[in-house]
Amino acid sequence: EVCEKKFSLMKYLKKHFAIHTAYKPFECGICKMKFRINSDLKTHFRIHMGAKLYSCNVCEMKFRFKSDLNKHLLVHPSEKHLSCQLCGMKFQQISNLNVHLKIHTGSKSYSCIVCEKKFRFKSVLNRHLLIHSNEKRFSCKFCEMKFKRNSNLNMHIKTHTGEKPFSCEICNVNFSDVSNLKKHFMIHTGEKPFGCGFCKMQFRLNSDL
């Protein structure tokens, strides 16, 4: 009724109406400062509590207010300035550097709750867990077969499309997936990696063994 602004809910109108009045119902119990809106009081209260809820994703410094974090971020240039001391790779965020360091240290902090196998990365653990689950989330749009992994679905789809992108550089035979190309290539190299534990005969394929 003062500025004729319209609101969808009464609570928003009441909050807005406080702008036109000096009414400040929310009081800080420590310094007695008053605020029109409860959220402003909560933000103010962090000054007394020392709570720092906003973290810099580059250097992990913490701040009480988002505005202070935004000012701080100007200190960090956009280029990647965090270097791995082992291989020299550079990163913009310390969290990415820490993930990368696991490659060098061999640290495997993620464990499978079913078989206790350990993994360096959570994404790899999540992919592994599908082995223990019967869930098949990936469906073929041609025949409605389902697969646990997207990579297996993509390999299967090639049986419908006839796509064979992997070619033998010696005889030009084409294959739908790289694993079959590798098996085929052993014909040319004579490689037989699978050995019998009893008679020492060697085979190209594990199935032949």
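I will go from the overall fold to single residues.

This is a predicted model, in which local features need pLDDT of at least 70, side-chain atom pairs count only at pLDDT 80 or more, and totals for chains, interfaces and linings use all residues. Residues are numbered from 1 along each chain as its sequence is written, and side-chain values use heavy atoms, with hydrogens and water left out.

Let me start with the chain as a whole. It contains seven helices and 14 strands; helices (H or I, at least four residues) and strands (E, at least two) are DSSP runs, numbered from the N terminus. Of its 209 residues, 19% count as buried. Here, buried means under 20% relative accessible area, exposed means over 50%, and partly exposed lies in between, with a 1.4 Å probe and protein chains only. Contact means heavy atoms within 4.5 Å. Among the contacts in the chain with a separation of 6 or more, 3% come from residues 24 or more positions apart.

I turn to the annotation. An unreviewed UniProt entry carries "domain: C2H2-type" on residues 1–25, 26–53, 54–81, 82–109, 110–137, 138–165 and 166–193. UniProt positions are given in the numbering used here, feature names are shortened, and annotations may be inferred rather than shown by experiment. For residues 82–109, the end C-alpha atoms lie 23 Å apart, and the span is 43% helix and 14% strand. For residues 166–193, the end C-alpha atoms are 22 Å apart, with 43% helix and 14% strand in the span.

Which residues form the largest nonpolar core? The eight are Cys56, Val58, Phe63, Leu69, Leu82, Cys84, Phe91 and Leu97. A nonpolar core is a set of buried Ala, Val, Leu, Ile, Met, Phe, Trp, Tyr and Cys residues joined through side-chain atoms within 4.5 Å. At least three residues of this core come from each of domain 1 (1–78) and domain 2 (79–133), where domain bounds come from an automatic or database domain assignment.

Lysine 102 is part of helix H4 (residues 94–105) and counts as buried, at 17% relative accessibility. Leaving aside residues up to four places away in sequence, lysine 102 touches Ser107, Ser109, Tyr110 and Arg120. Serine 176 sits in the loop between S12 and helix H7 (178–189) and is buried, with a relative accessible area of 18%. With the same exclusion of residues up to four places away, serine 176 touches Lys158, Glu163, Lys164, Pro165 and Phe166.

Now the cysteines. How many disulfides are there? A disulfide is a pair of cysteine sulfur atoms within 2.5 Å, and by this rule the count is zero. The sulfur of cysteine 84 has its closest cysteine sulfur in cysteine 87, at 3.7 Å, which is too far for a bond. Cysteine 84 is buried, at 4% relative accessibility. The sulfur of cysteine 171 has its closest cysteine sulfur in cysteine 168, at 3.7 Å, again too far for a bond. Cysteine 171 is partly exposed, at 32% relative accessibility.

On charge pairing, the structure holds one salt bridge, defined as a side-chain nitrogen of Lys or Arg within 4 Å of a carboxyl oxygen of Asp or Glu. The side chains of lysine 34 and glutamate 27 form it, at 3.8 Å from N to O. Lysine 34 is partly exposed, at 46% relative accessible area, and glutamate 27 is partly exposed, at 37%.

Finally, the loops. Glutamate 144, between strand S9 (138–139) and strand S10 (146–147), has a positive phi of about 65 degrees although it is not a glycine. Glutamate 144 is exposed, at 67% relative accessibility. Lysine 200, in the loop between strand S13 (194–195) and strand S14 (202–203), has a positive phi of about 70 degrees and is not a glycine either. Lysine 200 is exposed, with a relative accessible area of 63%.
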